[in-house]
Amino acid sequence: MATIKGEIHMAVVLSGIGGFLPPRVVTNDDLSATLDTNDEWIRTRTGISERRVVSDGLSTGTLAVEAGARALRSAGVSGVDTVVVATTSPDRLCPAVAPEVASRLGMGPVAAFDLTSACSGFLYGLAASAGLIASGTAESVLFIGSEAFTTLVNQRDRGTAPIFGDGAGAVVLRRGEDDEPGALGPFDLGSDGSLADLLAIPAGGSRQRSADASLGHDSVPTEDWYLRMEGRPLYTQAVERMTQSAQAVLKRTAWSVADVDWFVGHQANVRIVRAVAEELEVPMERVAVNIDRVGNTLSASVPLLLNDIAASGDLKPGDRVLLSAFGAGLSWGSTALVWPDIRAEHVN
Ligand code: UT7
């Protein structure tokens with residue numbers, strides 16, 4: 001188990017935000033038409049009422065382009081010199097989706113790469129993008145969390161199918177001043193790979209590649225191409241890790257819990273977010289939630305939620321925000337920032 005407690009010495013500022021959801025809505029009742037589940041179970045156990053799902057040729061790349069364009073608009077810039085996409089559901093295993101996203105946004109030959117860290121992808125990607133700026137490697141970064149993860153979920157498995165949704169959230173980062181609103185605070189990042197099997201897709205990677213018998217490969221059972229999840233132990237880990245990680249960040253800011261205007265936690269389950277807030281002693285009215293409408297969108301979850309509360313006017317310039325996420329790996333991360341005076345568009 002390793003925890004990196006990095007400090008960004010050159011301030012990196014969040015200067016734009018955007019989000020995008022695919023138009024197709026799948027309600028709990030829609031799911032219960034084909035699965036042995038029901039609206040009441042899904043709502044009470046997870047907080048989810050509906051989710052968005054890709055259709056009509058939409059994919060992680062197209063969602064990322066839409067969210068990225070909105071973040072650039074919000075930042076009032078037409079380009080950046082680096083594009084980073086956090087995703088665990090890339091368009092293809094090879095190449096990374098970020099170069100294509102950059103091209104489709106008309107960026108020219110900028111640096112572009114993907115980063116994989118499942119539901120903590122936004123926190124890891126934020127830290128990595130900020131590090132590129134802090135080291136002088138990049139001037140400004142468009143960082144997008146984008147997922148069409150429902151394509152990797154077995155729609156016949158009631159244990160996972162109700163939980164996930166598709167979407168993208170994006171931010172623009174640039175160099176700035178320490179005391180400027182939007183300056184990213186200290187990061188806490190950590191992982192525990194000994195529990196990797198709690199949330200995993202067994203096949204498709206180099207360990208269990210294909211079912212081509214002519215090449216001497218073993219056949220791969222259909223279920224192995226889809227996500228496997230052990231919900232109960234993950235739940236316990238999520239609450240513990242997010243709480244400890246958020247506390248580590250708070251300790252390194254000059255904030256007390258009472259200073260936190262918004263706790264923005266990864267939306268895996270509303271009960272997890274509330275349990276973490278309770279442990280942190282953040283009052284429930286300061287806990288941001290949108291899982292009811294979008295489900296668990298992995299790396300898109302935190303930026304979509306930030307965009308939602310900013311667009312609604314609930315999150316105001318000057319508000320102090322504590323961010324935390326947890327997911328497959330296992331991996332987790334947290335940071336803090338004072339919300340800048342930027343425009344956020346309502347997500348469709
Ligand atoms: O994104 C980051 C990583 N992911 C997480 O952090 C997920 C963490 N885990 C969770 O959020 C929860 O564990 C779940 C939402 C996945 C499941 O909730 P739970 O309260 O832990 O339920 P459970 O899996 O223990 O199942 C309780 C019961 C079982 O029936 P019995 O054995 O008590 O008769 C399940 O078979 O609920 C049953 N069940 C369902 N019933 C109706 C499981 N899924 C469903 C379903 N509809 N969809």
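A polar contact is defined here as a pair of N or O atoms within 3.5 Å; within protein, one atom must be able to donate a hydrogen and the other to accept it, and residues adjacent in sequence count only if both atoms are side-chain atoms. The structure is a predicted model, in which local features need pLDDT of at least 70 and side-chain atom pairs count only at pLDDT 80 or more, whereas totals for chains, interfaces and linings use all residues. Residues are numbered from 1 along each chain as its sequence is written, and side-chain values use heavy atoms, with hydrogens and water left out.

In R232, a polar side-chain atom lies 2.8 Å from an oxygen atom of the ligand. The side chain of N269 likewise has a polar atom 2.8 Å from a ligand oxygen atom. For T37, an N or O atom of the side chain is 2.6 Å from a nitrogen atom of the ligand. The ligand taken alone exposes 940 Å², of which the protein buries 74% (accessible areas by the Shrake-Rupley method with a 1.4 Å probe).

The shell around the ligand contains 23 residues, a residue being counted if one of its heavy atoms lies within 4 Å of the molecule. T37, R45, R232, N269 and N296 come nearest. By class, eleven residues of the shell are nonpolar, seven polar and five charged (nonpolar: Ala, Val, Leu, Ile, Met, Phe, Trp, Tyr, Cys and Pro; charged: Asp, Glu, Lys and Arg; polar: the others, Gly among them).

At least two shell residues are supplied by each of α2 (39–46), α6 (231–252), α7 (270–280) and β13 (320–327). Helices (H or I, at least four residues) and strands (E, at least two) are DSSP runs numbered from the N terminus. The largest share, four residues, comes from α6. Domain 1 (8–175) and domain 2 (187–195 + 227–338) each contribute at least three residues to the shell; the domain bounds come from an automatic or database assignment.

Some backbone features were also noted in loops. The peptide bond from C94 to P95 is cis, with omega near 0 degrees, and P95 lies in the loop between β5 (82–86) and α4 (98–104). G329 and L330 are also joined by a cis peptide bond, with omega about -15 degrees; L330 belongs to the loop between β13 and β14 (331–338). A118 is not a glycine, yet its phi is positive, at about 45 degrees. This residue, A118, is found in the loop between β6 (111–115) and α5 (121–134).
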